[in-house]
Protein chains: 2
Amino acid sequence: MTSVRTLPQGIMPDLELARSMFGELERHTRVGRGIVRASYGAGEHFAHQLAERTAQGLGLEIETDAACNLYMTLPGRRRDLPRLVVGSHMDSVPQGGNYDGAAGVVAGLSAVAGLKSFGIVPRCDVTIMAIRAEEAAWFDSSYVGSHAAFGRLAGEALDVPRSDTKRPLADHMAESGCDVAALRRGEAHLKPAGIAAFLEVHIEQGPVLEHAALPVGIVTGIRGCLRHASAKCFGDYAHSGAAPRSVRRDAVAATVELVHRLGQHWAETERAGADLVFTVGQFNTDPLVAAPSKVAGETRFVLDFRGLEEGTMRDASRAAVRLANEIGARQNVRFELGEPSYSYPAVMDQGLRGRLSEIATSVEIPAMELASGAGHDAAVFATFGVPSGMIFIRNSNGSHNPDEAMDLADFGLAAQLLATYIARDLA
Amino acid sequence: MTSVRTLPQGIMPDLELARSMFGELERHTRVGRGIVRASYGAGEHFAHQLAERTAQGLGLEIETDAACNLYMTLPGRRRDLPRLVVGSHMDSVPQGGNYDGAAGVVAGLSAVAGLKSFGIVPRCDVTIMAIRAEEAAWFDSSYVGSHAAFGRLAGEALDVPRSDTKRPLADHMAESGCDVAALRRGEAHLKPAGIAAFLEVHIEQGPVLEHAALPVGIVTGIRGCLRHASAKCFGDYAHSGAAPRSVRRDAVAATVELVHRLGQHWAETERAGADLVFTVGQFNTDPLVAAPSKVAGETRFVLDFRGLEEGTMRDASRAAVRLANEIGARQNVRFELGEPSYSYPAVMDQGLRGRLSEIATSVEIPAMELASGAGHDAAVFATFGVPSGMIFIRNSNGSHNPDEAMDLADFGLAAQLLATYIARDLA
């Protein structure tokens, strides 16, 4: 066996395998301008079959679970040790791109191909997991596949209709060969205790790496989201010229002040060193009633706070309520921010992060640490107590659109980091 | 002849005549919940016929012009002197109220009835003018009737279709008995030199008098309007969680800052003693593209500045451009405020304002001075150099809606002020 510690460049992944898989995915799942791999739909099925075929070619052990998640295992020297799971999803949003999700499965397979070409047999099993149904675009909630793998798919989730077919998840699963009854019973295929770590390679969905001119990112955590999705402000409609300041109840003026001051709260929070992003992605006056010559009597808007710490998001929400009360009293309007929805942040394992950074430095892969703003299956593994890590690949034009763009050279560096981690830390 | 200067209460108008006219208007021009008196439509015709019938009953001289404006004249002792015109319009917006416009004509007739009951013959003619087509809701521009009376109705205005029938103004005028050819030739019925003054009684369209608990207002001027009606801000759509502050081009954050700071400019302008109101009545993200989890790449909004001085409005517009440039550069977005539309303010005659205030004080009519935010025919008379004044009547629930509400007692005080002015100053 080659001593991988002496290889200065680490383990090179099989980029021909990767290029071929991306090409096949592209040819078979492009519909018009974008990629369509609906959860439990034809595009996702094709992707899973392609992964299985490729894994068989590499001699990996194949398994599926009750939710048709696919497990492709490179056996380790000791089968009884907790294994490393390397995974991501293979579905896409409607009219999405070719890399969001799939790149993680392809990275796992090309890394394993690289390990095999070096003749490396790791200490424990390394399982590449092609996860089902991660995208919330289809069944209104994320992580169907990874929740199901842990036996934690909620019963009511099975009744949710798919956004295109209007038929429930349970039907689509049954057609795909899933064991819906087992899912309803909450049978788990994965046990946290059986997993040493979970690693997910994924394209970055923001522009941080591109702006930093770095190909690879090591994720510190997946931001949670606290969202007031149906916030409203109520004032009174009035003639814009005839209503002086003292009698106005101007919903736009009040909302504008609230949003502006929450932007200042965000800046102060960042200066204090905490992780937070604040976004008002929707802000509207009433299309049927508002007019250029009327003081606006109503606004509707969304307050979206994301961060790596629950406390930071709760603080921001409390600041919103406090400011809404203060501005509402002063401007004589009424805010209804509503109860916020909340999804937990997931912190990536400190030890894994450190090792990935050390290895990137040692094999000269230019990398930086960054937070993930979007959710990923890694958040589910972290929530179930599995030490988890993520490697991001630089990506242009955002994700969830046909223009997402990943350079194969950048992909290669991420897969190289993954393979070298396995070779060195699971040697 | 009674010496009116010795009557402490001034001249009382004929409120039974007013009550009867408002009742007839209400019964004949209510359609569903609101009043409909379309310009050159059935409701407006009825109102003009009612005014003419009432004027005949009072023995006034009747005349119409090429645009079917109606002139009802109480002859003065000297017919060669420039006359006083007392007028307002009789059309309404679709689903409007019973008083917006009509109250001014009814006030003129009930004041004249009061003068006659005291046996007063004024020094010069007093003409009550029922003006056609003031509301922009029907032919897309205000003041059709008063412009036509001065021979200044633009030729292209005659081709504008009415919002309900889609047939041009010229057709509706011809059907009403107007002399469209004379209007096209620009023949004037009114000459500014022949008019000593113009007085218009009108319900207030804002809540100022109601908040001040005063029945009557004396108008300082009619605010002009400088409006950026199609202002836009362009940024970039991005994932709300994955795009940090440094790379964002957030159209909502930038627009919110612009509107908030223009609100501060308004407050500073008011503190400096200038007349200005600032309104953003419409503020929208793109309904097709914006989403709760996306940084907004575009906003559309309206900046509406109104004031009694052109300079104040131009300053505000320049402040908007300067702030848009500053914020755009700092937040990395691009504002397009567009060329503003502009309508001139009209200052009411200082001498008339002073006399109306003195008379109100002397006959103990509680009154205050205030600016008019909405446009009125008085602005046209002022623009043509006629010394003009307006008397506002307290009104609940705004105007241009079925709920506008005027107390007949308040109306009586406004008509009393008008009648007493005529009795004292045109004695």
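(Axes are lines fitted to C-alpha atoms, for helices over the stretch in contact, with angles from 0 to 180 degrees between N-to-C directions; helices are DSSP runs, H or I, of at least four residues, numbered from the N terminus.) In passing α3(A), α1(A) makes a right-handed crossing, meaning that the near helix is turned clockwise from the far one by less than a right angle.

Who touches whom here? L17(A), A18(A), M21(A), F22(A) and L25(A) of α1(A) are in contact with A102(A), A103(A), V106(A), L109(A), S110(A) and A113(A) of α3(A) (contact means heavy atoms within 4.5 Å). Sorted by type, the residues of this contact are 10 nonpolar, 1 polar and no charged. (Ala, Val, Leu, Ile, Met, Phe, Trp, Tyr, Cys and Pro count as nonpolar, Asp, Glu, Lys and Arg as charged, and the others, Gly among them, as polar.)

## About the model

This is a predicted model, in which local features need pLDDT of at least 70 and side-chain atom pairs count only at pLDDT 80 or more, while totals for chains, interfaces and linings use all residues. Residues are numbered from 1 along each chain as its sequence is written, chains are lettered from A and ligands numbered from 1 in the order in which they are written, and side-chain values use heavy atoms, leaving out hydrogens and water.

## Helix α1 meets α2

Now follow α1(A), residues 15-29, to helix α2(A), residues 42-57: their axes cross at roughly 155 degrees and come within 10 Å. These two helices are therefore roughly antiparallel as well, and their crossing is right-handed.

On the α1(A) side, the contact uses L17(A), M21(A), E24(A), L25(A), H28(A) and T29(A). Facing them from α2(A) are G43(A), F46(A), A47(A), L50(A), A51(A), R53(A) and T54(A). This contact of α1(A) with α2(A) divides into 7 nonpolar, 4 polar and 2 charged residues.

## Helix α3 meets α13

Helix α3(A), residues 102-117, also packs with helix α13(A), residues 408-425, at an angle of about 55 degrees, with their axes 9 Å apart. That makes α3(A) oblique to α13(A), in a right-handed crossing.

Residues of α3(A) in this contact include A103(A), V106(A), G108(A) and L115(A). Among their partners on α13(A) are F411(A), L418(A) and I422(A). The contact of α3(A) with α13(A) has 11 nonpolar residues, 2 polar and no charged.

## Two chains, one axis

Chain A can be laid on chain B by a turn of 180 degrees and a shift of 0.1 Å along the axis, with an RMSD of 0.1 Å (least squares on C-alpha atoms of residues with pLDDT of at least 70 in both). The two copies are thus related as by a two-fold rotation axis. The same surface serves both copies, as 100% of the contact residues of chain A recur in chain B. Which residue of chain A comes closest to the rotation axis? N284(A) does, with its C-alpha at 2.2 Å.

The contact takes 47 residues from chain A and 47 residues from chain B. Together the chains bury about 3800 Å², 59% of it on carbon and sulfur atoms (buried area is the accessible area, with a 1.4 Å probe, that two parts lose on being put together, summed over both). R245(A), H260(A) and P292(A) supply 16% of the area that chain A buries against chain B, more than any other three residues.

Notes
Parallel < 35°, antiparallel > 145°, perpendicular 65-115°, else oblique.
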